[in-house]
Amino acid sequence: MAAISGAESAAPTQLDLELSTELPRLGIEPEWKAQRRLWGHPFHPMCSYLASFPAALSHAFIARYSRPGDVVLDPFAGRGTVPLQASAEGRIGVGNDLNPFAHLLTASKVEPATAAESRTRLARLRLAWPAASARYLELAAAIQHDPAGGGPEPVPAEVAIAFHPTTFGQLLYVRDALDLDDRVDRFLAAAITGILHGKSASYLSELMPNTFSMAPRYVRDFAARTQFASPERDVFAGLAAKLDRLFRAPLPGSAGISLLGDARDAGRRAASTLRSRGLPDRIRLVVTSPPYLRVVKYGYYNWLRAWFLGFDPRAIDATLDDAHHRAPYLAFMREVLHGLRPALTDDAILVLVIGDVATDRGRTIRNGIGLAEQVWAEAAAPEGYKLAGVALDDVHPARKMTKLWGAEAGRATQLDRILVLGATDLSRRRALSGASVPVDWTWPPRLRAL
Ligand SMILES: C[S@@+](CC[C@H](N)C(=O)[O-])C[C@H]1O[C@@H](n2cnc3c(N)ncnc32)[C@H](O)[C@@H]1O
């Protein structure tokens, strides 16, 4: 690509990247950048999630390219940003992800418990605690003494050291009591994952920041070196405060669907689930950010949350993100787009947020740059999609979750390109004419907007 040729030793600059796009630009103003950080429904920040995008970005496309009652799908839904925002705007938000943690977060947002149900369930847990406490506090002490053999199942040593003994006893009790197949219990479990660890009094452990779990060995060394002892935090009080924050606004206007599975057949599964619920079964809008070309270990960097939910972090990482090189990634994306096609309406629009990777942990890498162009040429065009254009999203490094890999990591993904595709010529024209339609950024939305 012209912008980077002859610059073998230097990392490409932002300007190089911007110049390097050969696709037509779509004139969508990136107004989502001007919104406050927590713009949108209070369920969005229920729990942090690596590489999630802002709710405001999804609103820019949902508001332009869909109407109330339409089905809006994200086949790589992560923590459910798109389906939740769609449901909050009166659409039918459908999220799919292969990561069971992502599936749980999305389900808890699009098929949530009500405030009354959540608080009633919490009150029942709290009332039953005194009778159960002796057993669970004893169990907590035994596990903290011997994580491998102190309880009915081995507990990772770094989990056992993360909490004050009383907090750990309460967590073991709540973990046993909650049934993740139950809508209300699942909501409470998702809310707890959001307060498990972080650096303020709202969190149950101060061992790690809130964004992600640090490497287990680092955590064990850190705890030994500093003689770490987490302050006592009451799980019931912490959860009650979290529920207050989550229920600051009414529930999303319509319910959505959370699916667990591979994006390659998300269209088929979405259509059959929609049909089984008596809902329209064609998707009018897809908004998604596929996995990055680089490795994001969703299990490894969420080991404490995974333990609480009873998921195996290694199993999560073994199933996700299998295409880290460009050629298999493009083949994967082609299969995803192929699978979606039969489930789309004739005027469906697809919005793909694709991270251009310029450096990976300090090393300049070449094959990430221009990825959106390649996704268009090698995955979307051969499947018959029509290109409306590309919008650029210059991501501020300080706000990227990928900064977890240290000083260099903030630069892992420098520029997101947003590919806007039509399923047909009709939808391409719809995408072009809708690009300049003004979007209302009032939140919560005025009633007439729904
Ligand atoms: C960049 S993240 C999406 C984040 C999302 N936009 C949000 O705001 O939370 C990509 C997601 O793709 C998921 N994923 C990876 N491989 C997948 C596959 N084969 N099928 C479905 N989901 C997959 C990961 O679990 C991750 O949640």
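What percentage of the 450 residues of the protein chain count as buried? The figure is 46%, where buried takes 20 or more other C-beta atoms within 10 Å of a residue's own, exposed 12 or fewer, and partly exposed anything in between, with C-beta atoms placed from the backbone.

Thanks for coming, everyone. A word on the source: this is a predicted model, where local features need pLDDT of at least 70, side-chain atom pairs count only at pLDDT 80 or more, and totals for chains, interfaces and linings use all residues. Residues are numbered from 1 along each chain as its sequence is written.

The protein chain has 16 helices and nine strands; these are DSSP runs numbered from the N terminus, helices being H or I with at least four residues and strands E with at least two.

Let's look at a helix pair. Helix α5, residues 115–145, and helix α10, residues 235–246, have axes that come within 11 Å and cross at roughly 175°. Axes here are lines fitted to C-alpha atoms, for helices over the stretch in contact, and angles run from 0 to 180 degrees between N-to-C directions. That crossing makes α5 roughly antiparallel to α10, the word for angles over 145 degrees. On the α5 side, the contact is made by Ser118, Arg119, Leu122, Leu125 and Arg126, and on the α10 side by Phe236, Leu239, Ala240 and Leu243. Contact means C-beta atoms, placed from the backbone, within 7 Å.

Now please turn to helix α16, residues 425–434. Its buried residues are Ser427, Arg428, Arg430, Ala431 and Gly434. They sit on the same side of α16, because they cover an arc of only 160° around the axis, taking the arc from the directions from the helix axis to the C-beta atoms. Asp425 and Ser433 are exposed, on the face of α16 turned away from its buried side. In the segment after α16 you will find Pro444, joined to Trp443 by a cis peptide bond with omega about 0°.

Two loop residues are worth a click. Ala51, in the loop between α1 (14–19) and α2 (55–65), has a positive phi near 65° although it is not glycine. Gln227, in the loop between α9 (216–226) and α10, also has a positive phi, near 50°. Which of these is buried or exposed? Ala51 counts as buried because it has 20 C-beta neighbours inside 10 Å, while Gln227 has 6 and so counts as exposed.

Last stop, the ligand. It is surrounded by 19 residues, the closest being Ser52, Phe76, Gly78, Thr81 and Asn99; a residue is near if its C-beta atom, placed from the backbone, lies within 6 Å.

Technical notes. Angles under 35 degrees count as roughly parallel, over 145 as roughly antiparallel, 65 to 115 as roughly perpendicular and the rest as oblique. Two residues are in contact if their C-beta atoms, placed from the backbone, lie within 7 Å.
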